[in-house]
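Hi! Here's the structure I promised to send over.

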Amino acid sequence: MNKIDELVDILKRNEREEEKCKNVIVWVLAILGAVAAVAGIAYAVYRFFTPDYLEDFEDDFDDDFDDYFDDEDGEEDGE
């Protein structure tokens, strides 16, 4: 009976160690998930509040582009 009790104790210890290992992995993944969520939220807030300078540039470019072709059309019509 003594050997059987020792084997049962050894198996219980192994199960506890495996549970501890699983708990550590779960905590590490939870922390990484929380950090990723905070980073995602920070990026979304940054993108929301940052002005879009490219849109202003494209508007100015379109105006110049249209003026350029309007001038050429006028010269061709006059000739």
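**What turned up**

There is one aromatic pair here, counting rings of Phe, Tyr and Trp (its six-membered ring) whose centres lie within 6.5 Å. It's F48 with F49: the ring centres sit 5.1 Å apart and the planes meet at 80 degrees, so the pair is edge-to-face (planes under 30 degrees apart would be stacked, over 60 edge-to-face, the rest tilted). F48 is exposed at 67% relative accessible area, and F49 is exposed at 62%. Exposed means over 50%, buried under 20%, and partly exposed in between, with a 1.4 Å probe and protein chains only.

Keep in mind that this is a predicted model: local features need pLDDT of at least 70, side-chain atom pairs need 80 or more, and totals for chains, interfaces and linings use all residues. Residues are numbered from 1 along each chain as its sequence is written, and side-chain values use heavy atoms, leaving out hydrogens and water.

Overall, the protein chain has two helices and zero strands (DSSP runs of H or I, at least four residues, for helices, and of E, at least two, for strands). Of its 79 residues, 0% count as buried.

Now for charge. K12, R13, R16 and K20 form a positive surface patch, while E15, E17, E18 and E19 gather in a negative one. Patch members have over 30% relative accessible area and no salt bridge, and like charges are joined within 9 Å; a salt bridge is a Lys or Arg side-chain nitrogen within 4 Å of an Asp or Glu carboxyl oxygen. R16 lies in helix α1 and is exposed at 52%. E18 is in helix α1 (residues 2-49) too, but is partly exposed at 48%.

Definitions and conventions
Patches are made of residues with over 30% relative accessible area and no salt bridge: like charges are joined within 9 Å, nonpolar side chains (Val, Leu, Ile, Met, Phe, Trp, Tyr) within 5 Å. Accessible areas come from the Shrake-Rupley method with a 1.4 Å probe; for residues, only the protein chains shown count as cover. Lys and Arg count as positive and Asp and Glu as negative; His and the chain ends are not counted. The place of a charge is taken as NZ of Lys, CZ of Arg, CG of Asp or CD of Glu.
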